Amino acid sequence: MMFLVRKWNQFWFTPGSADNLGLCRVVFFLCLIAFYAGSDFSGWGSVSLVFWRPIFFFYWLHIPLLSVGFLHLLQAAWKCALVLACLGCFTRLSTTASFVLGFYLIGLPKNFRLDHTDALVVLTLLVLAFSRCGDAWSIDSLIRAARRPQEHPPISGEYTWPVRAVWALLALMFMAAAVSKLRHAELEWVTSQTMAIWLVTHNYGHIQDPATSWGLFLAQHTWVTHVIAAGTIAIEAAYPLALFNTRARWLLVPSALLMQLGIRLLMGPAFYPQMFCNVFWIPWDRVAARLMARPQRQSRMVLFDGYCGLCNGTVGVVKGLDILQRVVFWDVTQDWDGISHRYPQLDLDSCLKDMHVIDVDGQITTAFYAYRSLAWVLPAAWVVLPLLYLPGIPWIGSRVYAYIASRRSRACAYSPGAG
Amino acid sequence: LRSCPNRFTLALVMCLAGLLGSWWVFATKFAPGIVERAYFGHSWSVLNEIITGQATHPVEDYLAAWAGISQRVQIVLLVVSGLVIGITRPEFRRWYPANAEIPSTTGPQPICNGRLLTVNLLLAFLIGGMAYDTVTRRENWPFSPYNMYSAVERSFSFSHLRIYGIPAKEQEREILLPDAIYFRPFNKVQLYDSLLQAYSSHRPTRRARLKDMMEDVLRRYEVLRASGLHDGPPLRAMRLYELTWRVNLEDPYANQKPVDRKLILEVKADSAP
């Protein structure tokens with residue numbers, strides 16, 4: 001018994017990095033935003049109740065069909081929650097709201113006609129609502145870094161179980177589909193002409209609207225349809241192996257994705273939301289590490305006052321945003337000898353007064369212009385970079401910087417040992 | 001009480017008991033009155049809008065439904081209270097397997113027992129839900145046995161329902177309404193499956209709903225048209241047909257037109273609510 005408990009804990013709670021889960025969160029919510037941004041759920045409020053056949057949780061919890069106005073409000077709140085969860089802003093609250101509102105809005109059309117194209121999305125949202133997915137790659141983590149620059153999220157099982165829970169959900173879904181086929185039809189599902197007939201019927205009548213008419217071509221070749229059917233069952237039944245075996249993962253996960261894409265091309269039904277859950281298979285922390293390991297084409301050196309709390313907070317935020325690792329930080333209170341030797345034109349008082357940024361060509365910028373120079377190498381700042389060059393913005397920016405800088409020494413004294 | 005070692009647990013239990021009691025008082029003494037006022041449209045507009053079926057359901061139905069909801073909430077509160085006490089209080093935490101048993105798997109930052117229990121309960125719910133539906137073949141969305149496409153198809157003819165419209169300014173010409181834009185928020189699969197379920201049902205009550213469904217489809221077609229959301233012609237009637245195709249695997253490109261068409265029902269614009 002203890003052996004099983006140990007194995008269970010080993011699978012779910014093997015220490016993992018916060019970066020991987022954080023990036024999974026960002027990519028998953030980006031996919032959801034792209035997919036659901038144009039969706040309008042409010043129309044369901046105008047459909048007659050003669051179509052209403054409540055699904056289990058709606059029936060059991062007596063969840064009502066709300067009016068069009070309420071649905072408008074709910075979907076606006078849900079889309080905001082998705083964006084906040086993607087950014088990692090109030091992550092606990094926004095992921096919980098994404099789940100609760102998503103459960104209602106995604107579940108609502110199922111009360112009129114049941115399908116499972118996005119059921120897995122709801123369960124994944126539930127997993128993320130319980131997880132600590134905002135500990136990295138989030139605004140929350142940037143704020144934490146600004147407040148406590150020395151603190152970094154340690155590796156922990158907390159960052160592993162949510163990823164593996166989504167793996168397990170995918171595996172259980174495919175296995176259930178295989179079990180269902182074998183239980184209903186046994187091997188006749190492969191040996192009969194079932195697949196050929198479906199390939200034809202889904203191309204007739206313009207209901208399913210497959211992306212191509214290749215199904216009609218394939219249906220003429222009986223052996224091809226048998227291979228497709230056998231391959232489908234083999235992939236679905238073997239999918240749980242991907243949970244435990246890395247080689248099986250490389251084969252089965254892309255195969256299942258191709259299978260779902262094939263269904264869209266040949267028969268029509270689209271499983272895009274389910275496909276989004278596959279982002280959890282990608283080791284994003286390793287992908288990011290590999291990207292960062294590339295030779296640096298451009299870099300910035302930031303000179304800051306290490307005894308200023310505000311400067312340390314700013315450095316913490318810039319470190320969090322510096323995903324390409326293009327920025328080097330030098331504390332002028334500690335490293336002045338090295339800095340003055342390399343850049344004799346710099347003056348200590350000036351460096352303590354304003355933040356200085358030096359680019360690869362040796363060009364030195366200060367204050368607002370230093371931040372604008374940094375924006376070139378911080379991907380998150382690329383959105384606002386063009387705005388920083390608009391006429392008038394440098395003037396305003398310089399004055400805002402001067403106002404804050406003139407008050408920083410009084411507002412925030414930093415003690416290096418303080419948490 | 002100050003000397004009692006379990007005073008925090010006692011206080012927590014009393015708070016939770018107070019919460020349960022407050023809910024019971026609200027659910028039995030105040031809420032029925034609110035439901036009644038909302039039913040007759042005398043409450044706040046937010047609450048009035050929730051109750052929409054006054055024409056078909058007496059107020060007693062809503063009161064009975066509320067009684068069911070309040071009972072479930074009481075059960076949920078009871079369970080959650082038990083979990084809160086069990087997870088947060090050390091008097092009960094000592095019953096769980098100790099943290100020390102999994103130090104090598106939880107890494108530098110171990111997970112506390114309460115959190116471990118919560119995560120394991122969530123995992124049990126997810127895995128159990130999926131397994132339950134697979135074994136029992138029941139649909140409990142978002143869990144499912146994923147039955148789609150699992151049956152063997154032996155027939156070489158198949159049927160689909162189709163909606164045709166009859167424009168207001170024409171006598172007998174029918175036009176096929178091929179796009180989902182006429183039926184929003186339904187897509188074509190959702191709409192035709194809903195209609196098919198009612199049409200193929202053996203229960204007379206559900207079958208009788210088919211006419212109401214078609215009337216709603218026609219009503220929403222006109223609402224969408226009036227709102228400029230589609231450019232279809234004004235309709236004086238809609239017809240629901242059952243179309244039959246034959247599958248020829250030798251040459252599936254030929255014969256893509258239906259071989260048979262059967263009128264199921266017609267609804268007129270003036271009869272639509």
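## Exercises on the contact between chains A and B

There are 4 salt bridges between chain B and chain A; a salt bridge puts a side-chain nitrogen of Lys or Arg within 4 Å of a carboxyl oxygen of Asp or Glu.

The model is predicted: local features need pLDDT of at least 70, side-chain atom pairs count only at pLDDT 80 or more, and totals for chains, interfaces and linings use all residues. Residues are numbered from 1 along each chain as its sequence is written, chains are lettered from A in the order in which they are written, and side-chain values use heavy atoms, without hydrogens and water.

**Exercise 1.** Find the distance in the salt bridge of Asp209(A) and Lys188(B).

*Solution.* Take the side chains of Asp209(A) and Lys188(B). From N to O, the distance is 2.8 Å.

**Exercise 2.** Describe the extent of the contact between chain B and chain A.

*Solution.* Step one: count residues in contact (heavy atoms within 4.5 Å). Chain B brings 80 residues and chain A brings 91. Step two: take the buried area, the accessible area (1.4 Å probe) that two parts lose on being put together, summed over both. That area is about 7900 Å², and carbon and sulfur atoms give 66% of it. Trp141(B), Tyr146(B) and Tyr149(B) supply 13% of the area that chain B buries against chain A, more than any other three residues.

**Exercise 3.** Name the buried residues of helix α7 of chain A, and what they pack against.

*Solution.* Go to residues 139-147 of chain A. Buried (under 20% relative accessible area, 1.4 Å probe, protein chains only) are Asp140(A), Ser141(A), Leu142(A) and Ala145(A). These residues pack against α5 (91-107) and α16 (309-321) of chain A. Helices here are DSSP runs (H or I, at least four residues), numbered from the N terminus.

Technical notes. Buried means under 20% relative accessible area, exposed over 50%, partly exposed in between (1.4 Å probe, protein chains only). Helices (H or I, at least four residues) and strands (E, at least two) are DSSP runs, numbered from the N terminus.
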